[in-house]
Amino acid sequence: MVAQLLATNGLTHTVNDGPLLVAAAVAALVGLVGFLSPCVLPLVPGYLSYVAGLSGVEGVPSRRRMVSGALLFVLGFTAIFVLQGVAFGQLGANLRNDKDIIARVLGGVTIVMGVVFLGGFGFLQREFKVHKLPKAGLVGAPLLGATFGLAWAPCLTPTFSAVNTLAFTQGTAGRGAILTAFYCLGLGIPFVLVAFGVGWVTGALGFLRRHMGVVTRLGGALLIVMGILLVTGEWNHLMDSLRSNVGAGGFEI
């Protein structure tokens, strides 16, 4: 009965769709790049203190409160990003006849965003942030997450632009939602791990802070390569090849 229901709803095909899974993995990696960006990573302790309700207050929060605040913060920006992913996925469906051309244009935008991530185009480096923040603590944590998702630019604009482009190429609202959800996993899981006090994560983040230049160059290069694949049409060729292999029974994920 369950298998019949899954087949009826097309969920089995979605779960076993190699191209979607590859795109989702790329989206999660791009989300991690967003977390490691120079204007997000150094502020992680401040975010976690704020969502735990300790902004300007002495004391050490409990691990449970820190993790709860981090999860609520992540849920806040996930809601915003997934809605945008749905919109871009649906836009791809509505413009199906012109999708390839528009995808190439968006690929060009992704290349530009990669250069922005590397520090280029100074006029695009301005930050648009909301300075009136919600009340510190668990109640305000999801609101702060939503604010983070709506207004933190250009820190996340390069990476999220790339994921929105991938959502557009998938051509359905549901797939757009899946891709942006994976982006949020890549961006959000490190917040939760730091809040949980995982030792190796804290050490790894310290190492990455000391080598921020290398991290930034690698992240920018990833975005530029994605953009080039989209502009040249090679991304679609790769996805079509994966789709053909899955359809022929070459492999199943």
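This is a predicted model: local features need pLDDT of at least 70, side-chain atom pairs count only at pLDDT 80 or more; totals for chains, interfaces and linings use all residues.
**Entry 1: aromatic pairs**

I searched the whole structure for aromatic pairs and got 13. I began with F35 and F191. Their ring centres are 5.0 Å apart. Their planes meet at 85°, so I noted the pair as edge-to-face. The cut-off for that label is an angle over 60 degrees.

Next I asked where the two residues sit in the chain. F35 belongs to helix α3, which covers residues 18-35. F191 belongs to helix α9, which covers residues 173-196.

Buried means under 20%.

**Entry 2: another partner for F191**

I then looked up F148 with F191. The centres of these rings lie 6.4 Å apart. The pairing limit is 6.5 Å, so F148 and F191 count as a pair. Their planes are at 85°, and therefore this pair is edge-to-face.

F148 lies in helix α7, residues 141-151, while F191 is in helix α9. Here the separation is 43 residues, and distant parts of the chain are again linked. I checked burial too: F148 has a relative accessible area of 3%, so F148 is buried.

**Entry 3: cluster and core**

Which residues form one aromatic cluster? I listed F35, Y47, F73, F77, F81, F148, F160, Y183 and F191.

I moved on to the largest nonpolar core, which has 53 residues. F81, Y183, L187 and F191 touch the most other members. I picked L187 and looked up its contacts, leaving out residues up to four places away in sequence. L187 touches G31, L32, G34, F35, F77, F81, F148 and L156.

**Entry 4: G140**

I found G140 in the loop between α6 (99-117) and α7. Why does G140 count as buried? Its relative accessibility is 5%, and the cut-off is under 20%, so it qualifies. I also looked up G140 and G69. They are 71 residues apart in sequence. In space, the distance is 8.9 Å, C-alpha to C-alpha.

**Entry 5: N164**

N164 has a relative accessible area of 6%, so I recorded it as buried. What does N164 touch, not counting residues up to four places away in sequence? I noted Q84, G85, F88 and T180.

Notes: Residues are numbered from 1 along each chain as its sequence is written. Side-chain values use heavy atoms; hydrogens and water are left out. Rings of Phe, Tyr and Trp (its six-membered ring) pair if their centres lie within 6.5 Å; planes under 30 degrees apart count as stacked, over 60 as edge-to-face and the rest as tilted. Helices (H or I, at least four residues) and strands (E, at least two) are DSSP runs, numbered from the N terminus. Buried means under 20% relative accessible area, exposed over 50%, partly exposed in between (1.4 Å probe, protein chains only). A nonpolar core is a set of buried Ala, Val, Leu, Ile, Met, Phe, Trp, Tyr and Cys residues joined through side-chain atoms within 4.5 Å. Contact means heavy atoms within 4.5 Å.
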